[in-house]
Amino acid sequence: MKYDPQEIELKWQKIWEEEGAFKSSPSGPAGEKPDKPKFYCLEMFPYPSGKIHMGHVRNYSIGDVLARFKRMQGFNVLYPMGWDSFGLPAENAAIQHGVHPAAWTLDNIAYMKKQMQRLGYSHDWGREVTTCREDYYRWEQLFFIRFMEKGLAYRKKAAQNWCPGCNTVLANEQVLEGRCWRCDSAVEQKELTQWFLRITDYAEELLADLDKLSGSWPERVLAMQRNWIGKSVGAEIDFPLEGGREALRVFTTRPDTVFGATFMSISAEHPLLEGLIAGRKQEAEVRAFAAGIRKAAIAPEAVDSLEKEGRFTGACCENPFTGASMPIWVANFVLAGYGTGAVMAVPAHDQRDFDFARKYSLPVRVVIQPEKEAELRPESMERAWEGPGRLVNSGPYTGMESESAKAAIIKRLEEIGRGRGRTNWRLRDWNISRQRYWGAPIPAVYCERCGVVPEKEENLPVVLPLEVKTRPDGRSPLPETPEFYRTVCPRCSGPARRETDTMDTFVDSSWYFLRHAAGESAKLPFDLEAINYWLPVDQYIGGVEHAILHLLYARFFVKALRDAGFVRGLDEPFASLLTQGMVLMDGSKMSKSKGNTVDPSGMIARYGADTVRLFCLFAAPPERDFDWTESGIEGAYRFVQRVWRLGLDLAGKIPASLPASACALPPGEEGVMGETLRREHACIRKVGGDITDRFQFNTAIAAIMELVNHLYQARDELLGSAEGRAVLASAVASLLALLSPFTPHLSEELWLRLGFAGRAGDRPWPVYREDALRRKLITVVVQVNGKLRSRLELPADISSAGAEAAALADANVKKHVAGLEIKKVLYVPGKLVNVVAS
């Protein structure tokens, strides 16, 4: 019979749905804990902004393999799916198509869900989460109110990242090299009053807990988060302004270099800037320069490669240790968001300061001499010395080692009232206000009498009105929708106005994994018993591009919910993380905007879901990118057909009563039966190890392909005897069980046609036996002076001396060493004997 993937796959998908094959338990307060270990497998849920693409297919195929594999290993598996359905991605796509975001989003969810189901993923759809639904975001609003009560949610006015393309502010983490993470517009700075979550309160814990994830998260991701959190230990130092009472405060990690500070650099947003330049001849020039920097919105990661530029303000400050006058410059490499927005410039010992000083002919003063390097001289230096050493030209601290000098100088600063020791963080509080329509309303009310008041909990959810028309430019219609913003004060019942900003979509994705685990509840966001059973997520899967944004926010949110009493004893949401690579087309990332995507539905219609899944898993290790090729998927299709033909050919010819890996030949059996048994058990060991230990699905599939090749070669001989048929039956049952996580439809259909009991995916994962891997005889290669001269069949347990003697006794070896003196005989156990003669 011809292999018909459409008929076979739809048949098994219907069976799985009717049987509720992938429903997990417990699902809520009444759920009983099963008597087996749990495994919570989760992929980062998608934005329903269109159809799924091959990047999604790869991501969810990885998760599905793990979920099916763990079920076969005896785990109670939770494997849900949901939709990150609020926010810029869905709203922008809806506006482009002239459709209301709600209609666009819900239609896409329905379509994408069908696509996923057609791929045969074993998701528990009973736990589906959709973040734009009221029954989801009402709890998000409750969290916000509790955060307000604890001081974690607050408003402040400050310069914000503004995307003119999306008409909204962006969090620092959403600005990539000065551009919007969604539309790639150049980000500007805009003074606005916004809502923030005080993530900085958790900076120390967020940093320390990364150590708990070492070994189970990619080191690259851990390093990115450590860098973004950015703990710096140093000192704040006040430099008195000349001719005034104020001081310019800086933060530095190198107080030991304070004697080498020769000028001051401040950011374009520094609050003292206008006062410093007022009435000076360079006022207009400096103001224009600073405005240009603010508009450019320079990203932190771009600072090092930036061409250093600055303008002298005309003002000076005084070095509190040397008394020297230091000119104050506005510089484009000083960021307002880090430290105090001012830097004491020590050009001899900081490369950015050095580059700036050389460009503008500013003085360089050496105050640290390295222990084992040539003496530093300002006039001959080509680079700054940024390492430690001994202090020079530093008054009473001359001769001290750097670390000791830091402590001594901080102590003196505190004694004279000019500074203090301080720990600083690169991390900034999370701006969650968005001037967009498609998001969860912020449950805050503005009352002239009471001020800013949280909405009453019993009034939740504050519902996002759907009877509004969105704007082509993305600006929110909520500020012009009185039916929404007119309300009464929850405290005094007087007239009030609702907040018209909505929450950042990353708030939605910071806790969805908790909702998946807890099931539905009308009174609580989730049940503590269910959370305590399922969390943390055992395996989380997604792209490395979310290393800072989503993953950092989710880690913070869990800690904040813990401290607010919503969860207990949960410090980290994701025990293990796998970051998969991208699917490329001609070397470029597949993207709807680039028009270089491959539609999975078309590939499924042509080759079947199993083939599409298999190719995505076989093309490369999961953490690497791979290029989509027609030849690659055609090769996967040929393999699927090959397995199909093998199964059909053996139907009715091999016993169906023998389970996988159950044939018990005597250990070390030789001939085709022994070889088949050994290959079967070697394949079981390889596939299980590659999935469990390394996520190397490509090498696991390669091992299965090798087993199929052998079965084609051996089947005729094995079918010739009852004992051979038993060996073949065991190997085929193992083959289908091993393939089940990768190609579940094919495996189940052949399992049924061959008459094996139950289901391939329901049986226990095959277990290999060490004794089945052993051989009585081994093939040993013999070389003379590195050239192949013979092959010997020797006992597997032969000694080195025995192998060497057998090699020297071989007729062909004797022929090639005749007349030569044997210098050395080397035996590599189980592989070769090398005879060295001259």
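Colleague: Which residue in β34 does Leu 826 stand opposite?
Modeller: This is a predicted model. In it, strand β33 covers residues 822-828, and β33 runs antiparallel to β34, residues 832-837, with 6 bridges joining the two. Within β34, the residue that stands opposite Leu 826 is Asn 834.

Colleague: What is the order of the 4 strands in the open sheet?
Modeller: The pairing in this open sheet is mixed, and the twist from one strand to the next averages 20°. Strands β32 (787-795) and β33 each pair on one side only, as edge strands. The order is β32-β31-β34-β33.

Colleague: At about what angle to β33 does helix α26 run?
Modeller: Helix α26 is formed by residues 800-809. It lies across β31 (777-784), β32, β33 and β34. Its angle to β33 is about 125°.

Colleague: Is α3 roughly parallel or roughly perpendicular to α4?
Modeller: Helix α3 (residues 88-96) packs with helix α4 (residues 101-118), their axes being 9 Å apart and the angle about 110°. Angles of 65 to 115 degrees count as roughly perpendicular. Therefore α3 is, relative to α4, roughly perpendicular.

Colleague: How many residues of the contact of α3 with α4 are nonpolar?
Modeller: From α3, the contact is made by Ala 90, Glu 91, Ala 93 and Ala 94, and from α4 by Pro 101, Trp 104 and Thr 105. Of these residues, 1 is polar and 1 is charged. The number of nonpolar residues is 5.

Methods: Residues numbered from 1 in each chain as written. Predicted model: local features only at pLDDT ≥ 70, side-chain atom pairs only at ≥ 80, totals over all residues. Heavy atoms only, no water. Pairing = 2+ DSSP bridges. Axes fitted to C-alpha atoms, helices over the stretch in contact; angles between N-to-C directions. Contact = heavy atoms within 4.5 Å. Parallel < 35°, antiparallel > 145°, perpendicular 65-115°, else oblique. Nonpolar A, V, L, I, M, F, W, Y, C, P; charged D, E, K, R; others polar.
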